Amino acid sequence: MDRLEKELQSYTRKKHQKHDAFMKAFDTWGKEVEATLNKLEKINDALFQQFQANMGDAEAFFAKKRKAVCTHVSTVS
């Protein structure tokens, strides 16, 4: 019975060590994924700000064109 207990303890210890190693790897992976997502979020925010700035420029450009067209149309009428 003593040998069986030792074998069982050895088996469970190995399984526990494998489980701990897996959980550590999983935690590391999770942290890496979270860091990558944070980087992507920062990039996305920067791109969105650039897009908003470009849209502001485009809106100003078309507002000038619209005003010029309206002025031209009213003088022609």
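View 1. The model is predicted: local features need pLDDT of at least 70 and side-chain atom pairs count only at pLDDT 80 or more, while totals for chains, interfaces and linings use all residues. Residues are numbered from 1 along each chain as its sequence is written, and side-chain values use heavy atoms, without hydrogens and water.

**View 2. Fold and extent of the protein chain.** The protein chain contains one helix and zero strands (DSSP runs, H or I of at least four residues for helices, E of at least two for strands, numbered from the N terminus). Its radius of gyration is 33 Å, well over the 11 Å from the globule rule for 77 residues, so the chain is more spread out than a compact globule. That radius is taken over C-alpha atoms, and the rule is 2.2 Å times the number of residues to the power 0.38. The C-alpha trace spans about 110 × 15 × 5 Å along its principal axes.

**View 3. Lysine 14 and lysine 15.** Lysine 15 is in helix 1 (residues 2–76), and lysine 14 is also found in helix 1. Lysine 14 counts as exposed because its relative accessibility is 52%; lysine 15, at 43%, counts as partly exposed.

**View 4. Lysine 14 and lysine 42.** These two residues are 28 residues apart in sequence. Their C-alpha to C-alpha separation in space is 42 Å.

How values were computed:
Buried < 20%, exposed > 50% of the residue type's maximum accessible area, 1.4 Å probe, protein only.
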